[in-house]
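I would ask you to keep the sequence and the coordinates in view while I speak.

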Amino acid sequence: MTPATFTDRLTVSVTLTLGGAAHAIPAGDVKSFALELRPWGFEGSVAFDIADNTSAGGLETDPLKASFLEQDLIECELEVKGVHTDAAPQPALTSLKVKGLVVERSLVEMPATPGPGAPLLHRRYAVTFRDAARLLWSQHFPCVLYTQKTMKNVLDAHKGSHIALAYDWSAGLDATCPQLFLGLTPEEGASFYDFFVWYVDSRDGVLAYDYPAGQYKLSAAKASTGTPVDVLAPEVDALALRFPEVPRHDKAILNAVAEGPTHTAITQQRAVTGIRQDVLVRTPITNEVDARVSLETARLKVRGMEVELGWKRFPATALVPGTLVKLPTTEAWAAAGLTAGATYRVRTVALRGDAVASSPDASHLAQDTAFTFSMHTLLETQAETWVELPAYTPPTWPRYVEGLIVSEVGEQTHETWQAYTDSQTSQDGYKVKIPLWENQIVTLPFNPNLLPGHFYFPAYKGERVLVGLDFQKAWLKRFLDWRATARMPADGQGTHLLVGKTPENGTSMQHSYAEGKPVFLLQRTNDKDTARIEIKEGTLTIQVKEESA
């Protein structure tokens, strides 16, 4: 629907805060404004004039210019309120208010007459602003590891002083996780805001911007309670019904483990036979598969009908996303598929106004002014569970960092190995400390890695390894150094297998060349006791001895 335009008298109040000072703009000096309010945030723009006529003998000065030219963060508060209503009896008028951060700004000098040398009378300012998280977090690319933390801990660590968060989603935010890794880089394109929206979407959560409170709320389900606002028929110009695309696919969860692979179908009534989306996982843990089946079942939603309203006057009761509204009960509102008097939830609000008289002197310092005005809203049923979220770039992993293998077996100097068994999953894993992030410990699968299964060579204590980090999982990518005393001289072209706790308490098997002829040496060492077998050209030596002090 393309909203029609009407003339309406509005009070549009603007306050800019920058450099620690608030600058209130008289409503009569606002020349244009636009707002788009979505369930998850908003964007807006406003243009206004400020008089500065001392060069022409006037008394008005511009208090905004000096700080506006600086690079400080600017906060813009915009409030829109109607002046008249067609409803009878006259209801109390309420205002729509948003407060965001400025993205772009401009300034135009407006002299008394065109041409050089004319005295200055006004400046026209214009700013574009949006909700704080979308502005700030879109430039935020942290690469940081958290262990034994909750997602609530992570979000609180990054919200700063301009982003307010409220939580009502214990399943998605309160669980303590062994690992949460944010490997966000500008080159990959996914910012912290993308990660934030992706997390909500992928876990079937709800992100809503609470307009009255000026904060974001993360919850498990949409709010469905509250007193509906009556839509006043005289304020509405047009109505249209919208029918979103219906998902025609089923889903299936495929677990690709070799021992006990599973294929779990998730069906829905509107799917077309043979059309599906497969989700591939690989885990030996049945509970993880069950949890993924439950999640994907909940995410498979069929959207309901939507109602679009075009307005010919700013409503007496201001509407924002999340507001419940009740349609008029008259028979004229009973369109095809629409129930008169039904309750809906506001999902989006878009409005703009351009001053009828745009000259700087028109309505100067007045409390309100006439605007060429347009507005439309999109409503969804009160029972709708589908969640609208902003477009986002999904974050990608892995990132690779260095770590040191942990083992608590033996003395500190012993190069031992240890498999740690998870008490909940019964799965064995390495523990690896990551020096970059304060030696936090992550768990890696305890498996042959790149070796075939008949080689049993676990990574030893203190071994430097390359660790692949996913959001909530890690694995051993490769080994990065030689064990102490394992390296052979290059002139002998030797190869060496060194096993045991230390070079002084272990076994060494070497193959090298002496004068171009192969030499094989097998030696067991325990402090001063040594036992060795050496085979070289024409000689086999077997020796057991105790070295002298």
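This is a predicted model: local features need pLDDT of at least 70, side-chain atom pairs count only at pLDDT 80 or more; totals for chains, interfaces and linings use all residues.

Pro 448 has a relative accessibility of 43%, so it is classed as partly exposed. Ten residues separate Pro 448 from Pro 458 in sequence, and their C-alpha atoms are 7.5 Å apart in space.

Lys 461 is also found in the loop between E25 and E26. Is Lys 461 buried or exposed? Its relative accessible area is 12%, and Lys 461 is therefore buried. Leaving aside residues up to four places away in sequence, Lys 461 touches Ile 405, Ser 407, Val 409, Gly 410, Glu 411, Gln 412, His 414, Glu 415 and Thr 416. By contrast, Lys 301 lies 160 residues from Lys 461 in sequence, with 49 Å between the two C-alpha atoms.

Glu 415 sits in the loop between strand E22 (399-406) and strand E23 (420-421). With a relative accessibility of 17%, Glu 415 falls under the 20% limit and so counts as buried. Which side chain makes a polar contact with the side chain of Glu 415? That partner is the side chain of Arg 483, at 2.6 Å. The contacts of Glu 415, again without residues up to four places away in sequence, are Tyr 460, Lys 461, Arg 483, Ala 484, Gly 500, Lys 501, Thr 502 and Pro 503.

I move next to the nonpolar interior. In soluble globular proteins, nonpolar side chains tend to be buried together. In this model, the largest nonpolar core comprises 105 residues, and Val 46, Phe 48, Leu 78, Phe 129 and Leu 351 have the most contacts inside it. The element that gives the most to this core is helix H5 (residues 192-202), with eight residues. Another core, of seven residues, lies apart from it and includes Ile 253, Val 279, Val 281 and Val 289.

Helix H5 also brings us to the aromatic residues. Across the whole structure, 26 aromatic pairs are found. One of them joins Phe 195 and Tyr 199: the ring centres are 6.4 Å apart and the planes stand at 40°, so this pair is tilted. Both residues belong to helix H5 and are four residues apart, about one turn of the helix. Phe 195, at 0% relative accessibility, counts as buried, and Tyr 199, at 9%, counts as buried too.

Arg 105 lies over the face of Phe 68, 5.6 Å from the ring centre. Arg 303 lies over the face of Trp 386, 3.6 Å from the ring centre.

I come now to strand pairing. Strand E7 (residues 120-130) runs antiparallel to strand E4 (residues 41-51), and nine bridges join the two. Val 46, which I named among the core residues with the most contacts, has Val 127 of E7 as its bridge partner. On strand E6 (residues 95-111), ten bridges connect to E7, again in an antiparallel arrangement. Here Pro 111 is the bridge partner of Leu 120 in E7.

Finally, consider strand E18 (residues 306-311). Why is E18 described as largely enclosed by the rest of the structure? The reason is that six of its six residues are buried. In a regular strand the side chains alternate between the two faces of the sheet. In E18, Glu 306, Glu 308 and Gly 310 are buried on one side, while Val 307, Leu 309 and Trp 311 are buried on the other, so that both faces are covered. Strand E14 (residues 236-242) is antiparallel to E18 and joined to it by six bridges, with Ala 240 standing opposite Glu 308. Six bridges likewise join E18 to strand E21 (residues 369-381), also antiparallel, and there Gly 310 has His 376 as its bridge partner.

Thank you for your attention.

Definitions and conventions
Residues are numbered from 1 along each chain as its sequence is written. Side-chain values use heavy atoms; hydrogens and water are left out. A nonpolar core is a set of buried Ala, Val, Leu, Ile, Met, Phe, Trp, Tyr and Cys residues joined through side-chain atoms within 4.5 Å. Buried means under 20% relative accessible area, exposed over 50%, partly exposed in between (1.4 Å probe, protein chains only). Two strands pair if DSSP finds at least two bridges between them. A polar contact is a pair of N or O atoms within 3.5 Å; within protein, one must be able to donate a hydrogen and the other to accept it, and residues adjacent in sequence count only if both atoms are side-chain atoms. Contact means heavy atoms within 4.5 Å. Rings of Phe, Tyr and Trp (its six-membered ring) pair if their centres lie within 6.5 Å; planes under 30 degrees apart count as stacked, over 60 as edge-to-face and the rest as tilted. A charge sits over a ring if NZ of Lys or CZ of Arg is within 6 Å of the ring centre and within 35 degrees of the ring normal.
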